[in-house]
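Take a look at the structure first, then read on.

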Amino acid sequence: MATIIKSYEPTFWDKLYIPALVKGLMVTIKHFFRRKVTVQYPDEHHIPPQGYRGLHRLNKFPEGRIKCVACEMCSAACPADCIHIIPGPSPWDEGKERYPVRFDIDLLRCIFCGFCEMACPEEAIELTEIYDFSDYTREDLIIDKDGLLEVYELTKDQNYYSRKNDSQEPQT
Ligand code: SF4
Ligand code: SF4
């Protein structure tokens with residue numbers, strides 16, 4: 001059975017608009033004294049919570065050796081099929097025999113689900129707090145091994161954005 005919806009009939013007070021205006025102003029005043037949540041990006045950077053899944057990195061041991069052993073578990077677990085690895089014999093004398101000669105991630109395909117990180121048996125791939133990355137071409141948004149290692153250097157102390165905020169010139 002069809003429902004009949006009565007059209008709204010404004011009352012005398014509604015037609016004055018003053019109660020609605022006062023109500024609106026009350027909301028504005030209430031928020032005026034609250035702590036501001038707006039971040040003045042790019043002068044200030046929001047610091048994401050722990051566990052945020054941003055740009056990937058490839059981890060290293062303190063002596064410089066890449067942790068990745070090119071087992072391709074991450075690429076098998078990736079639902080977006082955006083990790084491409086070419087394995088090869090490791091150049092280091094000690095440790096695991098394989099390492100990635102090539103390691104690319106297509107960031108435009110990636111959905112930042114973190115499955116690669118979960119699948120990795122060596123804790124070699126990790127998603128970082130970096131969220132503000134962009135480029136002009138699709139090709140430039142394929143991050144390679146060197147790029148992933150560079151992200152490691154930038155994020156190993158887990159203070160990427162707080163460092164940026166600290167180094168920001170005071171506003172005039
Ligand atoms: S975060 Fe998800 S989609 Fe992105 S590379 Fe890892 S597994 Fe693939
Ligand atoms: S990052 Fe981890 S899962 Fe991926 S190839 Fe390297 S060791 Fe294997």
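## A cis bond and a positive phi

Pro-42 sits in the loop between helix H2 (18-32) and strand E1 (56-58). Helices (H or I, at least four residues) and strands (E, at least two) are DSSP runs here, numbered from the N terminus. The peptide bond that leads from Tyr-41 into Pro-42 is cis, and its omega is near 5°. Another loop, the one between helix H1 (12-16) and H2, holds Tyr-17. Phi of Tyr-17 is near 70°, which is a positive value in a residue other than glycine.

A word on what you're looking at: this is a predicted model, where local features need pLDDT of at least 70, side-chain atom pairs count only at pLDDT 80 or more, and totals for chains, interfaces and linings use all residues. Residues are numbered from 1 along each chain as its sequence is written, chains are lettered from A and ligands numbered from 1 in the order in which they are written, and side-chain values use heavy atoms, with hydrogens and water left out.

## The sheet

Now for the sheet: three strands make an open one, in the order E2-E3-E5, with antiparallel pairing. Two strands count as paired if DSSP finds at least two bridges between them. Strand E2 (83-89) and E5 are the edge strands, each pairing on one side only. In general, strands of a sheet pair through backbone hydrogen bonds, either parallel or antiparallel.

E2 and E3 run antiparallel and are joined by seven bridges; His-84 stands opposite Asp-104 in E3. Strand E3 (residues 98-106) is also antiparallel to E5, with two bridges between them. Ile-105 faces Ile-143 in E5 across that pairing. H5 packs on the sheet and touches E3 and E5, its direction making about 90° with that of E3. Contact here means heavy atoms within 4.5 Å, while axes are lines fitted to C-alpha atoms (for helices over the stretch in contact), with angles from 0 to 180 degrees between N-to-C directions.

## Around the two ligands

What comes nearest to ligand 1? Of the 14 residues around it, those are Cys-78, Cys-110, Cys-113, Gly-114 and Cys-116. A residue counts as near if one of its heavy atoms lies within 4 Å. This shell has twelve nonpolar residues, two polar and no charged. For these classes, Ala, Val, Leu, Ile, Met, Phe, Trp, Tyr, Cys and Pro are nonpolar, Asp, Glu, Lys and Arg are charged, and the others, Gly among them, are polar.

Ligand 2 also has 14 residues around it, and Cys-68, Cys-71, Glu-72, Cys-74 and Cys-120 come nearest. Its shell splits into twelve nonpolar, no polar and two charged residues.

The largest pocket has a volume of about 350 Å³. It is lined by 20 residues, with Gln-50, Gly-51, Tyr-52, Glu-129 and Gln-158 closest to its centre. A pocket, on a 1 Å grid over the protein atoms alone, is an open set of points where a 1.4 Å probe fits, with protein on both sides within 12 Å along at least five of seven lines; lining residues have an atom within 4 Å of a point. Grid points are joined across faces, edges and corners, and the volume is the space filled by probe spheres set on them. H6 gives the largest share of this lining, three residues. By class, the lining of the largest pocket has seven nonpolar, eight polar and five charged residues.

The second largest pocket has a volume of about 290 Å³. Among its 16 lining residues, Leu-55, Phe-133, Ile-143, Gly-147 and Val-151 are closest to the centre. Strand E5 (142-143) and helix H5 (145-155) each give two or more residues to this lining.
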